Every structure is written in structure tokens, then in C-alpha cells.
Amino acid sequence: MPDPTSRPVEPRTPQPAPTAPQAPLAPATPHPRTPPEGRATTPATGPAARAPWVVLAVLSLAQLMVVLDATIVNIALPTAQQALGFSDENRQWVVTSYALAFGSLLLLGGRLSDVVGRKPMFLVGLVGFALASALGGAAEGFGVLVLARALQGAFGAMLAPAALSLLTTTFTEPAARTRAFGIFGGVSGAGGGIGLLLGGLLTEHLSWRWCLYINVVLAVVAVAAGAVLLEHRRPGHRPPLDWPGVATAVLGLVGVVYGLANAEVDGWSAPGTWGFLVAGVLLLAAFCLLQSRVAHPLLPLRVVVDRNRGGSLLAMAVTGAGMFGIFLFLTYYLTGTLGYSPVQTGLGFLPMIAAISVAAGVVGSALLPRVGPRPLVPTGMLLAAAGMVLLTRIGAESSYVTVVLPGLVVTGLGLGFLFSSAMATATLGVRAADAGVASATANTAQQIGGSIGTALLSALAGSAVSDRLAESAGAPGAADVVQAALAGYHTAFWWSAALFAAGAVAAGMLLERGVPVHDPDAAPVIAH
């Protein structure tokens, strides 16, 4: 999660395993020997100083809430669709609305922590996230559910950077801080797997609504403890907020995503499709122009023009697109076509999480410090592309062990390569004042890539389903519907493979040879 004052990443530190979509990557944090300008440098006092490990538990609990929502709702989505009766064309908005709001407001959330203060933003984020979750759990219609998911993303963008900043200021002694970040990162890494299992158990034995209500239970504990233990210190420096930049970025991204989503319903030639796409691109161009001219930009362009960072950010965006897609479409295949229960579906994804963990650990600790990112990022993308191709073999009665599992494991290995090397490189070698922005940009690239990718893949898959049903003579039967759904899944996986392959070529051209220079004092990245 973003922290505008964090420092570059130490690539020798093993990365905790990233998990499913909408689960962002948190930035490195400033080393206590070099406090950022304008920020408090004194260690925490009062209740936080007397019970720092209880504070860590509170912050980790809040982090778990955000991470859980990356996977727990995916498992519940087929059941929620049946209960609320929304269409296949609309189901991707339950995923996209959260990722779009979270990713587009992440940089603003970090800035607000600087201006308003960490404790107020942490508590507001917690309360807002809980209320949004309660709204989603009680939803009786599709519109309310999507609104609730968007509000979850918005308040999550406030909560996440505040939590990481509070962790940084609570643990200022190097040894204690290393232990604290290790625990915090472990919670982040395990959250995706916990979400898969918890989502299956809650959906199968209680209701899909409890996949959202569970956040209310966690938030009550975190708010009560946080209000007592955390301290509010007025920020020493209050940088002005770039509101025009926020507006153009958010509206531009919404335009692009809505245009892609509209293509699934009305087709690519419809005015509602290309009109929103054109408007979104123009607004994003205006955002780039504004960032080059304002004194305090939301995203300094110097952060993204470096070749290594540019290639890494591209990799994060492509990774988000492919990863969001595999969770959405494979979840529906396992539940709708193979007839898996929610618990079986959650368990079915765990081998991919394990493969990500193994690959990320090996790459972060052994390969990246020796060979640099140029051979690793394209390799990860090609592995992910190969995994997607393997998944195109799925059929109406495929075996999980012989057809689904190989694709999941190969894709997981590729994602492990990508997360470990791309995130470390995206936040390496920047100025102290820009390191947090670089980390937040990498997180944003993953989330926005996921929201755009999900909308694009859903539109392409929807077109394939419609074309296949149109080929049926007369009214389509049950077998025709199954084959049409498979055609949509195959299309999504083939296009995901193409995205990863194109990303491998582009990243290979952008990334520089050799091992980038690193800062030996940098704190580890929390990846999840």
C-alpha cells in the first residue's frame, strides 16, 4: 500500500507471496536513519509505545480485511449472481468496481494520510470499509452490490496506506521493525489463501452475504483497539492536493473501463462503447499533461519515464489483467461447468498460490540479485502465457488433476517470477521523496490493469458466447449453453495468453541489462 515517504526496495529480501486480484502490493518504508522531509522523526509515545505488538496486531487485522476481499468475493460471486439474478455481462462489475476504485484512489489515500494524519485516516478507512461491506451484504439488487464494492475500494485506498505508515512510525528500532514487517508481510501473503478457504466455507455453510459481513466483525475489533492504542500526531508538512489530477485520472479510468464493459452488451461499434473509450483516453492524456505542469503532482512523471520502472509497471499492469481474468473465469468454470462446491473451488486455487510463493521466494532471494530483472520478467510472462494456453484445454467434463492443475501451477510460477522481480524493480533507484509514489504507482498499475483487463476479457468472452449461441439451430439447448460458456472461457484464456506474450516482448525491450544498484538500508517490501 502506498506511503509517499517510503524508500527504495532491497531486492535481496524475499517477497511474501502475492495473491489474487485486487490484492495490492505495499511499498517499502523509510529507514529511520533518513527520515523524509517534513515528517515526524520521533518514536511513538503513549499507548503505542507501551503496547507496540498489540498495535501490530490491530494493523495486521486491518490489512487482512483488505487482502481477504481480493479472493473471498470471487468464490462467493457465482452464488451471489444466482441470488440477485444479474446477468453474465454484469458480473464482472462486482470485481471491477472494487479494483477500479481502489487503484485510482490509492495515490490520493497516501496523500490524505500526510495531510489529515495517519490515525484519523486509518479509523475513517476502517469504519467506511465496514459500512460498505454491510451495505453489500444486505444488497437486494445488483446496483447496490456494485456501489458497495466501489465504496469498499475507496475506503480501502484510505485504510491501506495509513496502516503501513502507522507501522513505520510505531516500530522505529531496526530489529523490531524487521520483525514487525515480517509478520505484517506474512499476514498479507497468507490473506489470499485464507480468503479462498474462508469464502468457500462461509458461502457453503452460511451465505455469500457473510463474505462481506465478516469485514464488519473484524472492523469492530480493529476500530475499538485502534481508537485506544493509536496516537494522532499532526503532520509537520501538508502538501497541497492535486485535485485536478485526481479528477482526470479517476474519470479517465472509469471511461475506459466502462467503454470496454459496454462492448460486451452493445458491441464494439456502439457509440456507448467507443464514445466512452475516446473520452477516457482524452482524460488520461489531460492527466499526463497536468502532471507535467503542476507544482505538486499526484504522480510525478519522472517516476515512470525510467526504462526499468516503465518495463516493471507494464509487467504489473499485464499481470493484474491476466490474474483477475483467471480468477473470474476459472471460478465460474469450476462451479458452473464442473459443479464444484464453493469450498472445493477455493481449495482448487490453492496450488496456484503455493506456486506463486515458491517462485517469488526463489526469484527474490537468489535470482534477482544475480541476473537483474530483464531475463526474469519476460520469463515470468512467458510462463504465465503458457499456463493460460494449458487452460484452453478445459472441456465439459475435464479432470482437475490432468487439465486444470497443470495450467494453475505453470501460471502461478510465472506470476511468482513477475511479482517478485517487477515490484522490486519498480521501486528501486528512485529518490527518497519519490519512493512511496513509485511503490503506489506499481500497486495502482496492478489494480488498474486488473480492472481494465477484466472488462476487456469479459467483453471478448461475451462476444464469443453470443456468436456460439447464434450458431445453434433454433432455441439453444443445455448442451449448447455449456459449449457456448466453454467458448467464452477459451477466448478469455487465449487473449490472456496473448497479453502476457505481448508484455514479455515489450518488457524485454524496455528493461535494461544487468543488476540495478540497490540501497542496502532499504526496508523490505510487503507483497500480497
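What follows is a chat about this predicted model, going from the whole chain to single residues.

Trainee: How many helices and strands does the protein have?
Mentor: It has 15 helices and 0 strands.

Trainee: And what share of the residues is buried?
Mentor: Buried residues account for 59% of the 528 in the protein. The accessible surface is about 18500 Å², with 68% of that belonging to carbon and sulfur atoms.

Trainee: How about contacts along the chain, what percentage join residues at least 24 apart?
Mentor: That's 85%, taken among contacts between residues at least 6 apart in sequence.

Trainee: Let's go inside. Which residues have the most contacts in the largest nonpolar core?
Mentor: Those are Ile 326, Leu 330, Phe 349, Phe 493 and Phe 500, in a core of 67 residues. Helix α10, residues 307-337, gives the largest share of this core, with 14 residues.

Trainee: What does Leu 330 touch?
Mentor: Leaving out residues up to four places away in sequence, Leu 330 touches Gly 325, Phe 349, Val 404, Leu 408 and Phe 493. Apart from that core lies another one of 45 residues, and Tyr 98, Phe 129, Ala 162 and Phe 287 are among them.

Trainee: I also clicked on Ala 492. Where is it, and is it buried or exposed?
Mentor: Ala 492 is in helix α15, residues 478-510. It counts as buried because its relative accessibility is 1%, and the cut-off for buried is under 20%.

Trainee: Which residues does Ala 492 touch?
Mentor: Phe 329, Leu 457 and Ala 461, again not counting residues up to four places away in sequence.

Trainee: Changing topic: where is the kink in α2?
Mentor: At Leu 77, shortly before the proline Pro 78. The kink is about 50°, and the helix covers residues 52-84.

Trainee: Why is α2 described as largely enclosed by the rest of the structure?
Mentor: Because 27 of its 33 residues are buried.

Trainee: Now charges. How many salt bridges are there?
Mentor: The count is 1 salt bridge. Arg 209 and Glu 140 form it through their side chains, at 3.7 Å from N to O.

Trainee: Where do the two partners sit in the chain?
Mentor: They link distant parts of the chain, 69 residues apart. Arg 209 is in the loop between α6 (174-205) and α7 (210-229), while Glu 140 is in the loop between α4 (118-137) and α5 (142-170).

Trainee: Last one: which residues make the nonpolar surface patch?
Mentor: Leu 135, Val 144, Leu 147 and Leu 151 make a patch of about 280 Å². Helix α5 supplies the largest share, 3 residues.

Trainee: And how accessible is Leu 147?
Mentor: Leu 147 sits in helix α5 and is partly exposed, with a relative accessibility of 46%. As background, an α-helix has 3.6 residues a turn, so residues three or four places apart point the same way.

Conventions: Residues numbered from 1 in each chain as written. Predicted model: local features only at pLDDT ≥ 70, side-chain atom pairs only at ≥ 80, totals over all residues. Heavy atoms only, no water. Salt bridge = Lys/Arg side-chain N within 4 Å of Asp/Glu carboxyl O. Helix = DSSP H or I, 4+ residues; strand = E, 2+ residues; numbered from the N terminus. Patch = residues over 30% accessible without salt bridge, like charges linked within 9 Å, V, L, I, M, F, W, Y side chains within 5 Å. Areas by Shrake-Rupley, 256 points an atom, 1.4 Å probe, with all protein chains shown as cover. Buried < 20%, exposed > 50% of the residue type's maximum accessible area, 1.4 Å probe, protein only. Contact = heavy atoms within 4.5 Å. Bend = angle between axes of the 7 residues up to and from the residue. Core = buried A, V, L, I, M, F, W, Y, C linked by side-chain atoms within 4.5 Å.
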